[in-house]
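Colleague: I have just opened this model and would like a short tour. Could we begin with the surroundings of the ligand?

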Amino acid sequence: MGKKQVAILTGAGISAESGLRTFRDSDGLWENHRIEDVATPGAWKKNPQLVLDFYNIRRKNVADAKPNAAHLGLADLEKDFDVCIITQNIDDLHERAGSTNIIHLHGEIFKMCSEKNRNIISEIRGDIKLGDLAADGAQYRPFIVWFEEPVPRIEEAIPVIQNADIFIVAGTSLLVYPAAGLVNYAGRYIPKFIVDKKIPYTNQIPNLTMIEKPASEGVQELKRILLKSI
Ligand code: APR
């Protein structure tokens with residue numbers, strides 16, 4: 001028999017113990033920045049330098065951060081399960097922890113794209129500056145899905161969750177759609193888990209185990225439960 005398929009939806013909470021701020025906890029990023037100033041197409045139109053500054057700092061922070069026990073624990077699951085990580089995070093900590101199958105719903109901080117064509121993508125380790133132009137002559141922008149923009153990779157994430165034997169949600173407030181709506185695609189009877197230091201509100205989810213702990217500890221507990229089940 002093949003390995004069981006595990007779909008894992010992650011958010012900023014999984015990277016919190018790596019020193020990256022979440023968005024909506026106290027002292028989260030949205031407490032100090034207005035979304036409409038830095039994370040919408042309107043913000044980019046109005047003040048691209050401010051938007052670049054915001055993401056240039058994020059990129060530096062991610063470069064300085066390291067995967068924590070939660071990322072490593074989820075990567076380790078690949079030994080026993082067929083794992084797909086669906087992340088809202090723009091950092092690369094799942095990759096650096098060793099996970100090999102990752103869908104970045106909201107973009108990636110180490111990429112930039114043409115402001116006119118999201119398919120013209122380039123790697124970026126340092127800062128993006130005004131005047132950095134893509135092959136089509138248009139300004140490069142961060143390869144990030146902003147509020148009010150479509151989330152193209154949601155289409156890939158839906159069947160992964162529909163086909164999963166086990167579904168896990170870790171470190172997300174489940175407040176941002178369409179990502180939050182993915183929980184509704186999990187099979188009714190499959191085992192489901194939420195790992196979060198403060199379990200987010202959801203509708204009734206059948207067969208749900210809640211692990212209310214910081215991600216590093218919570219993922220270890222989750223692993224113990226999952227390994228007993230194979
Ligand atoms: N361990 C586990 N969970 C944690 C930890 C931790 N150490 N620290 C915080 N959390 C949890 C919080 O309790 C909360 O449920 O992580 C979640 C963080 O929620 P948000 O800040 O809303 O982050 P997220 O859900 O990833 O945000 C979704 O919103 O602004 C956008 O595009 C951005 O991808 C992001 C999306």
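Predicted model: local features only at pLDDT ≥ 70, side-chain atom pairs only at ≥ 80, totals over all residues.

Colleague: How many residues surround the ligand, and which are the closest?

Modeller: There are 22 residues around the ligand, and the closest are Arg 24, Trp 30, Thr 172, Ser 173 and Asp 196.

Colleague: What lies 2.7 Å from the side chain of Thr 172?

Modeller: An oxygen atom of the ligand lies at that distance from an N or O atom of the Thr 172 side chain. In the case of Ser 173, a polar side-chain atom is 2.6 Å from an oxygen atom of the ligand. The backbone takes part as well: a polar backbone atom of Lys 197 is 3.3 Å from a nitrogen atom of the ligand.

Colleague: How much of the ligand's accessible area does the protein cover?

Modeller: On its own the ligand has 740 Å² of accessible area, and the protein covers 94% of this.

Colleague: And in which pocket does the ligand sit?

Modeller: The ligand sits in the largest pocket.

Colleague: Let us turn to the domains. What does the domain assignment give for the protein chain?

Modeller: The assignment gives domain 1 (1–20 + 69–106 + 152–230) and domain 2 (21–64 + 109–144). Their C-alpha centres are 26 Å apart. To the contact, domain 1 contributes 13 residues and domain 2 contributes 13 residues.

Colleague: Where does the ligand lie relative to domain 1 and domain 2?

Modeller: The ligand lies between them, because both domain 1 and domain 2 give residues to the shell around the ligand.

Conventions:
Residues numbered from 1 in each chain as written. Heavy atoms only, no water. Near = heavy atom within 4 Å. Polar contact = N/O pair within 3.5 Å; in protein donor to acceptor, adjacent residues only side chain to side chain. Areas by Shrake-Rupley, 256 points an atom, 1.4 Å probe, with all protein chains shown as cover. 1 Å grid on protein atoms, 1.4 Å probe; cavity = no way out; pocket = protein on both sides within 12 Å on 5 of 7 lines; lining within 4 Å. Sits in = over half its atoms within 2 Å of the grid points. Domains from an automatic or database assignment. Contact = heavy atoms within 4.5 Å.
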